[in-house]
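Dear colleague,

I am handing over a structure for you to look at, and below it I describe what was found in it. Please keep the picture open while you read, and go back to it after each paragraph.

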Amino acid sequence: MYFQKIFALALFACLFSWTPNEVAAQDVIPTKGKEFWVGFMQNYEVEAWQEELNLFIVSDQNTTGLVEIPGQGWSQAFAVIANQTTTVTIPNNIGENYLNETIDTKGIYVTTEDTVAVFAINFNGYTADGTKVLPIQSLGVEYRISSYQGLSSWGSEFLIVATEDDTEVEITPTVATLGGQPAGVPFTVSLNVGETYQVKVSSAGGDFMGTVIKGTENNGECRPFAVFSGTSCTNIPVGCVACDHIYEQNFPVETWGTEFYVVPFSFATSYTYRVMANVNNTNVVINGGAPILLNAGEFFEDNDVSDVICVIGDRPISVTQYMEGISCAGSGDPAMLILNDATQKIDNITFSTVSSTVITEHGLNVIMETADVG
């Protein structure tokens, strides 16, 4: 049930501080901008029905823009009416990445005259997920990704999108890749602007959670790139049907935070979350309990959660919330949200929901100070 993820996605993705000329820092991650790079990973392809790749573009002012895939020779102009959603549909054959460990040319470039927010939806009638899209000023050169193990041949995966020529990245996978790269051994890939590189796991039980993707010394700090991750189709947790695609853009590690709130979905009886460390000797406290010690790339997972969770780290951490399968949560199917930390707030939100014959309900979560509830 895809609708719940999309509404939650739009809200959580917009809960950030932002001013027009802000530069990304430890506690500021702009989600609005005028220039974006996005890529779509491979969705579950066995029962393709109503396949569609969509970009939702919203703004609080009228503007115009262009979506293009330079490597495919495709482009489409668009206009945005203030506080309304513009949808641009990308042809699947030129926008969705299918290849493994092969350089492709499916990077999607969005430019606008005035400031917008962009969301990407990889839609299939039975399996779909979406993500916020970070503007180019919020990208970085070092990531540690979130994911989940998959089913059968529809496993964990991630996608790199280059924004500059001569982008050189070093990848250290946590598990063996389908192309034969062993776990824990770095390998290097060089990309030019608009090129994409998708990596799939070697076995269904493998999970790329914690994989490090960073620019090499040759790449430097001036060639940021975008990273998307998830799973072609997964059960969350293992054994909870049904299988669904999960898909989310990752934050650079330099923007990770130390305080997070994880909120139940109103339509479901439970959810799953993971807390991941980037450096050794990271202590994590959950709802005031005993500290949990995590080393670099390690994560703590909790399933069948029904309460609000407060997560505090003594060093920067990443917190990912997952929708569980309907057989365990009573409603919904797997989806993934990489959460922003509690320091990032906003008091004016523009967001979008999906229109579809199979999406008939929407949900909304809002996190605020107790004093502001009235």
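**What was found**

Four strands form an open sheet in which the order is S9-S14-S11-S12, and the pairing between them is antiparallel. At the edges of this sheet stand strand S9 (142-144) and strand S12 (187-191), each of which pairs on one side only. On average, and with direction ignored, neighbouring strands of this sheet are turned by 20° against each other. Please bear in mind throughout that this is a predicted model. Within the sheet, strand S11 (residues 167-172) is joined to S12 by five bridges in the antiparallel sense, and if you look for Ile171, you will find that its bridge partner in S12 is Phe187.

A second open sheet has five strands, again with antiparallel pairing, in the order S6-S13-S10-S15-S16. Strand S6 (103-104) and strand S16 (244-249) are its edges, and because each has a single partner strand, one side of each is left without a neighbour in the sheet. Further in, strand S10 (residues 156-162) and strand S15 (residues 225-234) pair in the antiparallel sense over seven bridges, with Val161 standing opposite Ala226 in S15.

Next, please turn to Lys132, which lies in strand S8 (residues 129-133). Is this lysine buried or exposed? Its relative accessible area is 4%, and since buried means under 20%, Lys132 counts as buried. Its side chain makes a polar contact of 3.2 Å with the side chain of Glu248, and a polar atom of the Lys132 side chain also lies 2.6 Å from the backbone oxygen of Gln249.

S19 is joined by three bridges to strand S20 (residues 292-294), and the two run antiparallel; here the bridge partner of Thr282 is Leu294 in S20. Together S19 and S20 form a hairpin with five residues between them, and in the turn Asn287 has a positive phi of about 50°. S19 also has three bridges to S22, again running antiparallel, and in S22 the bridge partner of Val285 is Ile312.

From S22 you can move on to S23, as strand S22 (residues 309-323) pairs with S23 in the antiparallel sense over four bridges, and Thr320 has Ile338 in S23 as its bridge partner.

Finally, in the segment after strand S23 (335-338) you will find Phe351, which is partly exposed, with a relative accessible area of 31%. Phe351 belongs to a nonpolar surface patch of about 510 Å², which is made by this residue together with Ile349, Leu364, Val366, Met368 and Val373. Patches are made of residues with over 30% relative accessible area, and Phe351, at 31%, is one of those that make this patch.

Technical notes. Residues numbered from 1 in each chain as written. Predicted model: local features only at pLDDT ≥ 70, side-chain atom pairs only at ≥ 80, totals over all residues. Heavy atoms only, no water. Pairing = 2+ DSSP bridges. Axes fitted to C-alpha atoms, helices over the stretch in contact; angles between N-to-C directions. Patch = residues over 30% accessible without salt bridge, like charges linked within 9 Å, V, L, I, M, F, W, Y side chains within 5 Å. Areas by Shrake-Rupley, 256 points an atom, 1.4 Å probe, with all protein chains shown as cover. Salt bridge = Lys/Arg side-chain N within 4 Å of Asp/Glu carboxyl O. Buried < 20%, exposed > 50% of the residue type's maximum accessible area, 1.4 Å probe, protein only. Polar contact = N/O pair within 3.5 Å; in protein donor to acceptor, adjacent residues only side chain to side chain.
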